[in-house]
Amino acid sequence: MTETAPRPTLEAVAARAGVSRATVSRVVNGGDGVREPLVERVRRAVEELGYVPNQAARSLVTKRHDAVAVVIAEPETRVFADPFFALQLRGISKELTAHDSQLVLLLTEGRADHARVGRYLAGGHVDGALVFSLHLDDPLPELVQRAGVPTVFGGRPGWGDGTGSAVYVDSDNRGGAREAVRHLVGLGRRRIAHITGALDQTSAVDRLDGFRDVMVDADPGLVVEGDFTPAGGERAMRELLGRCPDLDAVFAANDLSASGALRVLRDEGRRVPDDVAVIGFDDMLPVAEQTDPPLTTVRQDIEEMGRLMARLLLRGLDRRAEDPGVGGVPSSVVLPTTLVRRASA
C-alpha cells in the first residue's frame, strides 16, 4: 500500500500565513471581518500548501452543503434518450459549477423511488432541490414540501394541494403553440392536426390550449395524444392519417414527436411540406436540423431554463443566509419562445 502525505490542516495554513486559526476559518468559509491583506496571505498559504477544506466541518460553520439535488420525474431510459434532459442538465450544471456547488441527480422509476427521494431530501444532504418533468398525479411536490428544502420547479406546476406558491421556470408554451398554428394558417393550411404531448404534464396541456386558441372550431378527430417520444409521434401520425387522410398540416408538441410523424409521412408517400406541413416544439438542434426535411419548430431555450432554475435557487439560498427570516426564493420566470423556420413548413 502506498503511503500518502498527510492533508494540510487549518493550523498549518495559519502558521504559514502568520495568522490565527480563527482567521483562516473565516476566510476559507467566506466570512466577513478580515482585512484584505490578511485574506490575501491566507489565500496564498492555502494555495502553497494545497489545503482543501473538510466539507463536513465547513458545513457545520456555513450551514450549507454546497450540493443541490436535481430530481427528474422520469425513468432513466427516458432521461438518457431524450436530448431535452441533457440540455436542461447542462444549464443547471454550468450554473452550479460557477458557484462551486455539486449536482446530485435523482431519477424516479416508480413509487418506491419517490419514497427514496423523499427520505434523501429530508435527510439534510443538500441545500435545495430542482425538480422537473412532473406529472399531475406525482407525489414529489408533497414530498419536497414535507422535506422542507428550498425548491424550484421546471415547468408550470399543475397541482392544487396548497403548493400553489411554488417557484418555477417555464417557457411560454401556449403562446409558442399559437404562433406555430398561426404560421400554418398563414401558409393556407386548413386541416391542421395536433399531436399532443403526455396530457398529464402542464407543458402538453398548455400547447394543446394554444392550438385550440387558433383552431377554435377544429375537428376533434384532428387531435391525438402522444407522449413526447418518436414512437409516440409515429403512432399518433398513423392514427391521424387513418382518421383524417385529407389533413394538410401537423403541429407536434415537441421535436421528437415531429420526427416520428415525419417518418410515417415519408413511408406513406406524403411530401413535406407540399402535401403536409409539419412544425415541432423545442428546437433541439440534434433533432430539428437532422430531420428530413429540416424541421420548422418553436424554439425554447432549454439550457437557459436549467441555468435559471439553478440561479433562482442559489439566490434564494443566499438571501436566507443573509437574513434567516427571509423565506423562499425569487419569483417565477416564464421565458419567451420563437418560431424557427426551416424546410418542413
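**Notebook: helix pair and sheet**

I began with helices α1 (residues 10-17) and α2 (residues 21-28), which pack at an angle of about 105° with their axes 8 Å apart. Helices here are DSSP runs of H or I with at least four residues, strands are runs of E with at least two, and both are numbered from the N terminus. Axes are lines fitted to C-alpha atoms, for helices over the stretch in contact, and angles run from 0 to 180 degrees between N-to-C directions. So α1 is roughly perpendicular to α2 (65 to 115 degrees).

A note on the source: this is a predicted model, where local features need pLDDT of at least 70, side-chain atom pairs count only at pLDDT 80 or more, and totals for chains, interfaces and linings use all residues. Residues are numbered from 1 along each chain as its sequence is written, and side-chain values use heavy atoms, with hydrogens and water left out.

Next I looked up who touches whom (heavy atoms within 4.5 Å). From α1 I noted Leu-10, Glu-11, Val-13 and Ala-14, and from α2 Arg-21, Val-24, Ser-25 and Val-28.

Then I turned to the sheet. I found 6 strands in an open sheet, ordered β2-β1-β3-β4-β5-β11, with parallel pairing (DSSP must find at least two bridges between two strands). At the edges I noted β2 (102-107) and β11 (333-335), each pairing on one side only. The twist averages 20° from one strand to the next.

Val-68 has Gly-128 as its bridge partner in β3. Last, I saw helix α7 (residues 111-122) packing on the sheet, where α7 touches β1, β2 and β3. The direction of α7 makes about 155° with that of β2.

How values were computed. Parallel < 35°, antiparallel > 145°, perpendicular 65-115°, else oblique.
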